[in-house]
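Please read them with the sequence and the structure at hand.

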Amino acid sequence: PDCGAGTRKARAGAGINIDDRWGMELANTNGSQARLVTYGLHPSAMVRAENVELSPVGSAFDVTTPWGETPVRLNLLGRFNVFNALSAIAACGTQGIPPDTTARVIGEMVSVPGRLERIPNQRGLHIYVDYAHTDDALLNVLQTLREIAKKRVLLVFGCGGDRDQAKRPKMGAVAARYADYSIITSDNPRTEDPAKIIGMIREGFGDATHYEIEIDREKAIGQALSKAREGDTVLIAGKGHENYQGFANTVIPFDDRDIVREL
């Protein structure tokens, strides 16, 4: 793609993250006909992030590239978005776009609704709503928050009914390991008994006791906000951008973000 580089035809570029073991191996195969541009935090990366700062409201770093250096300030959270930004800078750089131009544009981007969406508040809490509804997704978002959280991480989550049951104890195990406190609740139970779903999630906690159960999702969110203290992080996972809650014979309006704002 031209990526805004005008009518000049640029040589195809291959951007590869060499902080990843497989990326490093791929970069060393010499099998690509495209111009190779490596990126990452690795000292030998051609597009390299330095002085990385991760916070509850965004990310910042300085980038060094073959086309120049520039500071990058993102409204996007987490180390994974640092790598996403580096990938964009590398791709655009191969097409003749200066890194400061790319940095300016990505610095204006905001998060996708329901994906680590931050809910501003007056209590000094760091509240996020995220779509994570699998064990792998929940692991990734909790690891991201643990890296930026200064105090406790409180989690509200559940599992959908009439869907993959094997993930339920796995999600419980992830919550038990990475959240300081969890409130297990309903998440679109559909035709299943919410208590049964929650029981399967509980299996993943084993002997751990740092959790409670509240089937009513609105009450569960309220419980988490009541327990949270200034500086704490609250993650409400599973529904993200969804604006409904599905039961056996009905669907009701329900948006985690609206509930947080109201409470």
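1. Tyr-211 has a relative accessible area of 16% and is therefore buried. The classes used here are buried for under 20% relative accessible area, exposed for over 50%, and partly exposed in between, with a 1.4 Å probe and protein chains only. Phe-205 is buried as well, at 4% relative accessibility. A search of the whole structure finds 1 aromatic pair. The pair is formed by Phe-205 and Tyr-211, is tilted, and has 4.5 Å centre to centre with 40° between the planes. Rings of Phe, Tyr and Trp (its six-membered ring) pair if their centres lie within 6.5 Å; planes under 30 degrees apart count as stacked, over 60 as edge-to-face, and the rest as tilted.

2. The model is predicted: local features need pLDDT of at least 70, side-chain atom pairs count only at pLDDT 80 or more, and totals for chains, interfaces and linings use all residues. Residues are numbered from 1 along each chain as its sequence is written, and side-chain values use heavy atoms, with hydrogens and water left out.

3. The chain has 8 helices and 13 strands. These are DSSP runs numbered from the N terminus, helices being H or I of at least four residues and strands E of at least two. Of the 263 residues in the chain, 49% are buried. The C-alpha atoms fill a box of roughly 60 × 40 × 35 Å, taken along the principal axes. Among contacts with a separation of 6 or more, 60% are between residues 24 or more positions apart; contact means heavy atoms within 4.5 Å.

4. Two strands pair if DSSP finds at least two bridges between them.

5. Ile-183 has Glu-212 in β10 as its bridge partner.

6. Which strand pairs with β1 in the parallel sense over 5 bridges? The partner is β2 (residues 35-40). In β2, Arg-35 is the bridge partner of Gly-13, and Leu-36 stands opposite Ala-14. Strand β2 also pairs with β3 (residues 47-55), in the parallel sense over 2 bridges. There, Tyr-39 stands opposite Val-47 in β3.

7. Helix α6 (residues 194-203) has Pro-194, Ile-197, Ile-198, Met-200 and Ile-201 buried. They lie on the same side of α6, because they cover an arc of only 155° around the axis. That arc is taken from the directions from the helix axis to the C-beta atoms. The cover over the buried residues of α6 includes β8, α5 (167-178), β9 and β10.

8. Is Thr-191 buried or exposed? Thr-191 is exposed, with a relative accessible area of 55%. It lies in the loop between β9 and α6. Not counting residues up to four places away in sequence, Thr-191 touches Asp-162 and Ala-248. Its C-alpha atom is separated by 9.9 Å from that of Gly-160, 31 residues apart along the chain.

9. The charged end of Lys-239 sits over the ring of Tyr-244, 5.2 Å from its centre. For this, NZ of Lys or CZ of Arg must be within 6 Å of the ring centre and within 35 degrees of the ring normal.
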